[in-house]
Amino acid sequence: CDRARQCLLRVSSVWLSGFYSNFTDSYRVADQLGLMHYMETLMLITAAEYVAPTSDENVTVMDTEFSDVAVRLYLPRKASDGLRRAVVYFHGGGWSLGHAGMKPYDHLTRWTSNRLNAVVVSVNYRLAPKYHFPVQFEDVYSVTKFFLQSSILSQYGVDPDRVCVAGDSAGGNLAAAVAQQLLKDPEVKTKLKVQALLYPALQTLDLNLPSYRENENKPILPRLLMVKFWSEYFTSDSSLREAMASNRHVPVESSHLFQFVNWSNLLPEELKKDHVYTSPTYGSSELAEKYPGFLDPRAAPLLASDAQLRGLPLTYVLTCEHDVLRDDGVMYAGRLQAAGVPVTHDHAKDAFHGVMMFVLGPAKLAVGYRLLNRYVEWLNENL
């Protein structure tokens with residue numbers, strides 16, 4: 001029952017809550033004292049999770065570069081009857097954190113390569129606050145475009161008809177944006193077979209969706225931290241962060257874009273609950289002029305028109321009930337289906353944001369393993 005599920009979630013997140021509370025206090029103090037930018041504080045945590053590229057009996061692992069962008073490459077050692085499948089993966093971390101070599105990501109991509117006997121390219125795109133949009137997008141796009149060249153696919157024994165882009169959280173955002181951009185690029189002849197989006201961030205317009213309201217203060221990704229990530233993707237100017245926090249950042253000239261994120265039309269009734277939709281409160285045109293990226297579909301794929309969604313590949317979308325980004329994924333899955341794109345929408349009612357990272361060490365959770373296996377099984381069946 002729902003009550004039992006809530007209790008289970010609460011028990012399993014005790015460790016996460018304690019970690020998040022202690023960590024939040026630490027980075028706030030550091031930021032306030034001017035000792036360190038808070039994103040740099042977070043980076044220290046992620047750096048501690050780094051593992052060197054280590055091959056095993058199943059997979060050869062190496063760090064290299066594709067199109068001058070750092071990648072971690074996983075090459076299966078098993079024999080193959082023919083050409084192999086391939087996954088180009090983008091890690092999460094709010095466009096500001098993370099690394100392909102973090103233990104959970106190394107485990108995920110190594111497991112994917114081993115289970116699918118597939119080549120996996122895990123991309124280390126440049127990060128905020130040193131770099132802002134569109135740098136992160138351009139990095140992952142250039143790697144994908146480079147890899148999709150027939151000569152490169154041939155070099156690694158990859159079937160050009162069996163390539164996927166995938167990512168989680170901010171990486172899911174980048175994967176969705178890459179898939180959209182490839183449709184417009186006449187230089188790319190190879191088409192993606194599938195895209196897999198794991199609890200993706202997909203829109204910048206409305207940061208007061210029902211999922212943002214219900215999960216405002218939950219562990220891992222509370223609303224204000226997501227606002228920080230979104231704003232930092234575009235600028236370190238605090239004025240954008242403050243406007244986003246009050247949901248007053250979109251200028252009236254861009255009002256037509258709200259049709260693409262209007263949750264009163266796009267969410268199923270069970271997710272609307274007793275929430276009441278209110279018309280947008282518009283903000284300053286000056287912010288949008290200075291930082292136009294937050295209105296760009298390459299940063300917010302849900303802002304693409306219905307016509308631009310047609311032709312996208314077979315899609316897997318994972319959403320989690322206890323996640324501020326839940327409604328982004330739900331709305332995108334619905335819009336893709338309406339546009340004629342075949343979609344598998346996997347909604348986990350007992351999960352929270354980033355759950356697939358909790359499959360190792362002291363934070364090992366059964367729900368993380370379950371969803372990781374479901375994702376890889378879907379790839380195995382559809383790629």
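**Packing of α9 and α10**

Author: Helix α9 (residues 223-234) packs with helix α10 (residues 238-245) at an angle of about 140 degrees, and their axes lie 9 Å apart. Axes here are lines fitted to C-alpha atoms, for helices over the stretch in contact, with angles running from 0 to 180 degrees between N-to-C directions. Helices (H or I, at least four residues) and strands (E, at least two) are DSSP runs, numbered from the N terminus. The angle makes α9 oblique to α10, given that angles under 35 degrees count as roughly parallel, over 145 as roughly antiparallel, 65 to 115 as roughly perpendicular and the rest as oblique. The model is predicted: local features need pLDDT of at least 70, side-chain atom pairs count only at pLDDT 80 or more, and totals for chains, interfaces and linings use all residues. Residues are numbered from 1 along each chain as its sequence is written, and side-chain values use heavy atoms, with hydrogens and water left out.

The crossing of α9 and α10 is right-handed; a crossing is left-handed if the near helix is turned anticlockwise from the far one by less than a right angle, and right-handed if clockwise. On the α9 side, Arg223, Leu224, Val227, Lys228, Trp230, Ser231 and Phe234 meet Leu240, Arg241, Met244 and Ala245 of α10, where contact means heavy atoms within 4.5 Å. This contact comprises seven nonpolar, one polar and three charged residues. In that classification Ala, Val, Leu, Ile, Met, Phe, Trp, Tyr, Cys and Pro count as nonpolar, Asp, Glu, Lys and Arg as charged, and the others, Gly among them, as polar.

α4 and helix α16 (residues 366-382) pack at an angle of about 40 degrees, their axes being 10 Å apart. α4 and α16 are therefore oblique to each other, and α4 passes α16 in a right-handed crossing. Among the residues in contact are His107, Trp111 and Arg115 in α4, together with Tyr375, Glu377 and Asn380 in α16. By class, the contact of α4 with α16 holds seven nonpolar, four polar and two charged residues.

Trp95 lies in the loop between β3 (84-90) and α4 (103-116), and has a positive phi of about 60 degrees although it is not a glycine.

Finally, the loop between β4 (119-124) and α5 (135-147) contains Pro129, whose peptide bond from Ala128 is cis, with omega near 5 degrees. Pro134 is also placed in the loop between β4 and α5, and a cis peptide bond with omega about 10 degrees joins Phe133 and Pro134.
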